[in-house]
Amino acid sequence: MFEELTRRYLHAVDRALPGYVRALYVVGSAALGAWQPGASDVDTVILTSRPPTRDDLAQLARIHAGMPRSPHVDGVYLEPALARSWPADGRAVPFVVDGEFRTDTPCGELTPVLWLTLRRHGIPVRGPAVAELGVRVDPEQLRRCNLDNLREYWQARVAPFPAELAGVAPATPVDGGLVSWFVLGPARLHHTLTHGDVISKAAAGEYLAGLFPEYADLARRAVGWRAGGTERFTAVDLLAAAHSVNAVADDAWRRFGD
């Protein structure tokens, strides 16, 4: 599926902006061998031949607006200077998230994790082999990025859950996507801290089960839901997911924090 979508994108951009896109690499779940129809988007890193002009940006916005709404073709654009420095500071660059093209907001995808994924697993659709790009990943930046993300994003997001769920009947149905997001996401970061590599959400379920066996069944069900299974989740599961986030984050900080 990602081959068809990236070909469609390249055909459109080559017609509108000949010579502008000099390389395109697939990252994300497709590169990790875990692309799920109906659940996964196509994540990319796009290297350009020049800094974008206002007309370039207008053309790119039009192209992305014409791409399929599902799955999205997401990604970041790097002009030549940035493709030599591999910035990991979340600066504003042209990027696409959930199919929406953006140019004037910080790009949260510009992290050491993106460059680690590209260096280890990136699939070239156009351009030289990844090994020839000189992708750099600073180990200390990678460590801080993952630790801070666990605390400032994941733990902050689940902090209100105990109070919010206190008056909710335990058997109340909840969104399986929400439960799976919190069960599997932090485990991926913990794995990167431990092993220096990136794994898929599916592999994160097995990793979480080995790390904290008390969450093994929840992890198995979360992976099953993402694969299109019939798993159903309740408020009890969402609260357990919140507890798993804290367990994973606290363990990571204990092992790898300052």
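In helix H6 of this predicted model, the residues Leu-142, Arg-143, Asn-146, Leu-147, Leu-150, Trp-154, Gln-155 and Val-158 are buried.

The length of H6 can be checked with simple reasoning. The helix covers residues 139-158, which makes 20 residues, and at 1.5 Å a residue these should span 28 Å; the C-alpha atoms at its ends are 28 Å apart, so the expectation and the model agree. The helix also has a kink of about 30°, and this kink is centred on Asn-149. At the start of H6, a side-chain oxygen belonging to Asp-138 comes to within 3.0 Å of the backbone nitrogen of Glu-140.

From here we can turn to the sheet. Six strands make up an open sheet, in which the order is S5-S4-S3-S2-S1-S6 and the pairing is mixed. At the edges lie strand S5 (100-102) and strand S6 (123-126), each of which pairs on one side only. From one strand to the next, the twist averages 25°. Within this sheet, strand S1 (residues 21-27) and strand S2 (residues 42-48) pair in the antiparallel sense over six bridges, and Val-27 stands opposite Asp-43 in S2.

Helices pack on this sheet as well. Helix H3 (residues 54-65) touches strand S3 (73-78), strand S4 (95-97) and S5, and the direction of H3 makes about 165° with that of S5. Helix H5 packs on the sheet too, where H5 touches S1, S2, S3 and S6, and the direction of H5 makes about 90° with that of S1.

Thr-192 has its place in helix H8, and because its relative accessibility is 5%, Thr-192 counts as buried. If residues up to four places away in sequence are not counted, Thr-192 touches Leu-116, Leu-142, Asn-146, Asp-197 and Val-198. Of these, Leu-142 and Asn-146 are among the buried residues of H6. The side chain of Thr-192 also reaches the backbone oxygen of Asp-197, at 2.8 Å.

Note on methods
Residues are numbered from 1 along each chain as its sequence is written. This is a predicted model: local features need pLDDT of at least 70, side-chain atom pairs count only at pLDDT 80 or more; totals for chains, interfaces and linings use all residues. Side-chain values use heavy atoms; hydrogens and water are left out. Helices (H or I, at least four residues) and strands (E, at least two) are DSSP runs, numbered from the N terminus. The expected span of a helix is 1.5 Å times one less than its number of residues. The bend at a residue is the angle between axes fitted to the seven residues ending there and the seven starting there. Buried means under 20% relative accessible area, exposed over 50%, partly exposed in between (1.4 Å probe, protein chains only). A polar contact is a pair of N or O atoms within 3.5 Å; within protein, one must be able to donate a hydrogen and the other to accept it, and residues adjacent in sequence count only if both atoms are side-chain atoms. Two strands pair if DSSP finds at least two bridges between them. Axes are lines fitted to C-alpha atoms, for helices over the stretch in contact, and angles run from 0 to 180 degrees between N-to-C directions. Contact means heavy atoms within 4.5 Å.
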